[in-house]
Amino acid sequence: MKSDDCLAGLLADAAQRDAFSVLRGQAEVRARALKFPQDKDDDWRLTGLAVLHEQEYLPAGKTTQIPSIEGFAIPGSCRIVFVDGFYHPALSDLSGQDEIRVSPLGREEKSLHAHFDKGMKDAVFAQINARNFTDCAWVHVQGEIQRIVHVLHVTTPHQKPVVSYGRALVVLEANARVTLVEEYTGPDSPYSVNSMTEAVLGEGADLRHIRVQREGAQAVHLGHALVTLSRGAHYDSTALALGGRFSRYDQRVLHQGEGSDVRLDGLILADESQVADTHTRIEHLAPGCRSLQQHKCIANGNSIAVFSGNIVVHRNAKGTDTRQSSRNLLLSSKARIDAQPQLEIMNDDVSCKHGATMGKLDAEELFYLMSRGLRESQARKLLIHAFAAEIVDRISIQTLVRSLRESIDGRLV
Amino acid sequence: MKLLEVKGLKASVEGISILRGVDLEINAGEVHAIMGLNGSGKSTLSKVLAGHPSYQVTGGEVLFNGQDLFELPPEERARVGLFLAFQYPVEVPGVSNSAFLRLAYNTIQTSRGKDELDPLEFDDLVRERIKVVEMDPAFLDRSVNEGFSGGEKKRNEILQMALLDPKLAILDETDSGLDIDALRIVANGVNSLRSEHNAIVMVTHYQRLLNYIVPDFVHVMDAGRIVKTGDKTLALELEERGYDWLRAVA
């Protein structure tokens with residue numbers, strides 16, 4: 001397919017008639033103006049878009065299937081499940097809410113609309129999401145109690161490849177706290193998912209955001225997140241890209257309020273012919289903010305892993321403190337990792353540090369482990385887990401960490 | 001019973017010949033010391049026996065319990081009872097010491113047809129064995145050797161020896177970097193593990209370790225060969241006279 005056809009195909013879905021029809025119309029205009037990305041585009045040149053042209057995806061409809069979500073449950077969480085992009089009441093559990101309200105599209109508090117679709121207007125797939133989203137997780141947090149909100153996106157098997165849309169808006173009022181776990185999963189047949197998550201943090205609010213992308217082996221996943229911090233807010237994010245044939249995650253964080261604090265952790269684990277790309281952009285717009293970023297790529301087989309981490313310090317963002325580290329583990333000679341830390345600094349009262357490393361498994365470490373009786377495969381696995389652990393082990397939800405370790409093991413056979 | 005037979009062993013690293021025909025025989029119940037100057041080949045001998053991938057065997061043979069050692073990859077050598085205490089124990093960040101010890105222990109147990117231990121059972125065992133080296137159990141919860149002092153790393157090596165119960169333990173300069181108290185503790189640990197069923201090879205520069213672990217045989221290496229073998233008095237003689245008189249003989 002040519003690029004124009006890809007775009008036309010994605011915009012051919014019947015526009016939904018709902019409270020957002022004006023917004024959807026505007027998004028369509030922007031998407032047409034932005035055009036389908038090209039390999040030569042700066043933002044996409046490392047990724048290789050060929051896979052997006054190979055397949056036509058039909059818009060997913062509401063399914064009658066009830067997929068199994070066994071193995072995904074997080075005890076004590078408030079769970080909202082979307083199947084093929086549609087809210088699934090039977091699988092969801094929105095009970096016991098008080099200070100946290102979670103609702104699907106149509107049942108949301110209208111006051112939340114003021115925060116909806118506030119950015120990434122330059123990202124064509126985010127605009128396609130705004131044009132086509134079928135449902136949304138509306139999360140409104142007013143309390144300081146620590147509770148997990150679990151947003152699970154499941155794609156079901158289809159005869160012909162489908163595209164579905166995930167959408168979430170998380171609004172934390174002043175001093176509110178919540179943990180948001182987003183997960184994406186599906187079958188091993190071809191399909192596509194386009195997701196957009198917006199989070200708005202009020203003054204002193206605290207969002208712990210864990211994003212786990214473990215789509216099926218043939219999936220195309222295009223994910224977005226836009227996070228805005230008010231004064232003194234804290235955002236702590238762990239994003240894992242484990243699945244999919246082609247995945248891309250665009251995460252943008254805006255320090256809009258003074259003294260806000262961000263930690264971004266990321267891990268890509270790519271094997272076989274997977275392509276996985278994470279683009280992050282942290283914008284320091286206010287003084288006295290801190291950001292600490294730690295990203296790791298592990299690439300095996302003939303996979304491609306891309307990390308592009310952009311930190312922009314604006315003119316008035318005095319006293320900015322940023323640290324960025326990108327560490328990468330190349331497990332095969334046919335795999336490729338592109339790691340690009342980028343700093344744009346527009347004032348001189350800043351402390352910015354960044355570093356990138358690229359390495360293979362350490363031969364001395366391998367020999368040491370093998371000299372104690374471990375098979376080479378066991379020793380490799382242990383070292384790869386150790387490399388990933390720095391990211392994975394910061395997740396304090398034990399059931400999730402256990403299942404993630406299994407996912408990682410499964411990818412390293 | 002012959003545990004190890006080294007016959008005419010030659011080995012090189014990066015094309016440079018280091019071992020030039022080593023002959024050595026070790027029986028169960030014996031303690032051997034291999035001494036020699038830097039570059040004489042004694043550490044290379046340890047690494048070649050353990051199967052370090054950087055070294056190429058270019059000649060000779062080694063039988064371990066009658067079996068061709070070079071047919072076995074490093075992990076199989078460990079499983080049949082060969083243990084190398086590293087001169088520079090490797091730091092493995094992110095791998096917890098206790099998890100590593102348990103994995104190693106269970107791997108060896110399984111290969112000997114014995115039952116694995118679950119984490120709780122193993123914890124009991126390791127807390128018992130750790131007393132052998134008077135090591136603080138807090139080191140079990142840290143990453144393998146990461147940030148350990150020289151002495152702590154060496155104790156961790158001997159703890160592994162205590163857990164894996166090898167037939168032949170090669171201690172490669174286990175005394176280096178140890179103060180006198182740590183040396184005594186490590187030596188006591190090793191002595192407590194000695195039996196008539198196993199053998200120990202100490203590779204060392206100095207005589208002082210041999211005051212604590214008394215060898216039955218002392219070998220002197222020079223230029224990739226064992227040039228002299230004697231009893232423990234040879235070590236004292238070396239301490240007094242240095243190595244030059246042997247080099248002249250060789």
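## Helix α6 of chain B

In this predicted model, helix α6 (residues 180-193) of chain B has 14 residues and spans 20 Å from its first C-alpha to its last. That is close to the 20 Å expected at 1.5 Å a residue, where the expected span is 1.5 Å times one less than the number of residues. Helices are DSSP runs of H or I with at least four residues, and strands are runs of E with at least two, both numbered from the N terminus.

Buried residues (under 20% relative accessible area, 1.4 Å probe, protein chains only) in α6(B) are A182(B), L183(B), I185(B), V186(B), A187(B), G189(B) and V190(B). They pack against α5 (150-164), β9 (168-172), β10 (199-204) and α7 (208-212) of chain B; a contact means heavy atoms within 4.5 Å.

## Chain A as a whole

Chain A holds seven helices and 20 strands. Its C-alpha atoms fill a box of roughly 65 × 55 × 45 Å along the principal axes.

Of the 413 residues of chain A, 60% are buried. Among contacts in chain A between residues at least 6 apart in sequence, 84% join residues at least 24 apart.

## Surface of chain A

Chain A exposes about 16,100 Å², by the Shrake-Rupley method with a 1.4 Å probe. Carbon and sulfur atoms supply 48% of that area.

## Basis

Residues are numbered from 1 along each chain as its sequence is written, and chains are lettered from A in the order in which they are written. Local features need pLDDT of at least 70, while totals for chains use all residues.

Technical notes:
Predicted model: local features only at pLDDT ≥ 70, side-chain atom pairs only at ≥ 80, totals over all residues. Heavy atoms only, no water. Buried < 20%, exposed > 50% of the residue type's maximum accessible area, 1.4 Å probe, protein only.
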